[in-house]
Amino acid sequence: MMYDIILPAGITIVLIFGIGFVLASLYTRSSRDEAYVRTGLGGQKVVLDGGSVVLPIFHSIARVNLKTLRLEVRRGEGDALITKDRMRVDIGAEFYVRVKPDGSSIALAAQTLGDRTNDAEALRILIEAKFVDGLRSVAATMNLDALQEQRMDFVKAVQEAVGADLQSNGLELESVSLTRLDQTDIKHFNANNFFDAQGLAALTRITEGRKKERNEIVRDTEVAIAQKDLEARQQSLAIERTKREAELNQERDIANKSAATRAETAQQEQAAKRAEEEARIASEQAIAEREAAAKQARESANIDAARAVQQRDTEAKRDLQIVAQESAIAVANKSREESEAKATAEMARARAIAAEEKVGTAKAVEIAEREKQIAVIDARKRAETEATAVTVGAEAEKQAATDQAEAIKTLATAEADAAIIKAKGILETGRAQAESEALLNEARNKLSQTIIEFEITRERIRIIPEALAEAVKPIEKISDIRIFDTGGMLGRGGANGEGGIGMGEGLAGQLLAYQANKPILDKLLKEAGFEGDNAISSLLSNLDSPKPASAPAAPATSPQPAIAAAPPKE
């Protein structure tokens, strides 16, 4: 009985567990990011946030990824987009898409995309053309500058252009990110392409304009920088100049202050030195005055003492001299008395002896007097001060000068007397010579004109040899004269050279020699007083002139040309 109850119960439980296990294994759930579409028995069923039994053979499912997918699209270089202003632009965009989480969209995505919703790359390849078309469509409506400046508008326009197409695949476009936007390199422009040609022209115009503008900006910047540098340099120099002026002013003030301090110090030092010097001079002066007073006192004492000594010596010598004189006088008296007492015969001798004694006495007296005077002079010299000595010396010099003057005067007087006597002698001699000359000239003047001319002619003849000798002196220096050829003008001697009138020894030679010396002779004769164009003819005419019948008596002196009587020299 128990078996009967337990067995059915066991089987029931096993069946229950078996059915539950089967049902559990056939139940398929969807997740938050994934849905599936079951097709087959019972029709299409989209399971979202739930589950369903999927029977094998009867059902098939298509899983749809509900996650957001990032689809990146890039176009550049040859595939670059063309803008409204015919420029090419490289662009990169990321599209974030997902399957719209509703039954119809999931069913549509499962139907149109299949498993590509789980593969982003496969999905991108499938729908990239839509993205590119949307990008080109929107880019064609905007300029490059608008694309750059209105990126959000561009993105919105692309999103609107692409969103409708994506909905046909059950997708929705969450957002679009423009990751890259730049102008395509110019090397990718095709000059033969209509759009590229316009783009190149515009690009060239813009780039060149920008280059020009940039160059202007650069140059303006450089000028501004240079101007700024100049202003900065000027300001720097002005600051340096101000700084330097301040330094110089400070140095000048310091120098002036130092100079003033040094001057004040020097003045103080000078004043101190002056005071010290004055004190030293006063001290030295006082010492010198005291020494001078002491020296003067000593010298006065010495002079007084020397004067007293000399006076005593003088008095003693004088007394001795007096005594000696008295003794001599006494001796002389005694001798005289003795002589008188002696015989008259020896009177002469006695007189002689007396005379000799008198001479000796006089000599002794003279010697004594002289010694006395010398002693007095010496005493006076020694007693006198140096001023007295100077006075004595001056007096002596004065006396010597007086004596010398007297001697010079005497000598000059003697020389003057001698000169007067000599002048008188010369005067007398000259007067005698003048009288003699006057008498002689008077006698000559009494001669006749013929005698005078005769004397002149004779004198001229007398000086001719000397004149000729003086004239030919230069010729003596000519050692040799050679005549090589005179031509046939003067004629040559015979064939043997005898008896001809050749140049060297004939008449022609003599005439040539005469003609050569004639100017000299004429000059000499003119100097001798033979006037005329031909002095030789004048000389010969004088020689040929008749001589007087009888020559007058020759004067006592040698014949001289008549001259006027000169007045006697004074």
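1. Let me begin with β2 (residues 34–40), which pairs with β5 in the antiparallel sense over seven bridges. Strands here are DSSP runs of E with at least two residues, helices are runs of H or I with at least four, and both are numbered from the N terminus. Two strands pair if DSSP finds at least two bridges between them. Along this pairing, R38 stands opposite I61 in β5, and T39 has S60 of β5 as its bridge partner.

2. A word on the source: this is a predicted model, in which local features need pLDDT of at least 70 and side-chain atom pairs count only at pLDDT 80 or more, while totals for chains, interfaces and linings use all residues. Residues are numbered from 1 along each chain as its sequence is written, and side-chain values use heavy atoms, with hydrogens and water left out.

3. On its other pairing, β2 is joined to β3 by three bridges, again antiparallel. V37 has V46 of β3 as its bridge partner. β2 and β3 form a hairpin with four residues between them, and G42 in the turn has a positive phi of about 90°.

4. Put together, the three strands make an open antiparallel sheet in the order β3-β2-β5. β3 (45–47) and β5 (59–65) are the edge strands; each has a single partner strand, so one side of each is left without a neighbour in the sheet. Neighbouring strands are turned by 25° against each other on average, direction ignored.

5. Do look at the helix pair too. α3 (residues 120–139) packs against α5 (residues 151–167) at an angle of about 140°, with axes 9 Å apart. Axes are lines fitted to C-alpha atoms, for helices over the stretch in contact, and angles run from 0 to 180 degrees between N-to-C directions. The two helices are therefore oblique to each other (under 35 degrees is roughly parallel, over 145 roughly antiparallel, 65 to 115 roughly perpendicular, and the rest oblique).

6. Which residues make the contact between α3 and α5? Among them are I127, F131 and L135 of α3 and F154, V158 and V162 of α5; contact means heavy atoms within 4.5 Å.

7. Of its 570 residues, 19% count as buried, meaning under 20% relative accessible area with a 1.4 Å probe, protein chains only.

Terms used:
Buried < 20%, exposed > 50% of the residue type's maximum accessible area, 1.4 Å probe, protein only.
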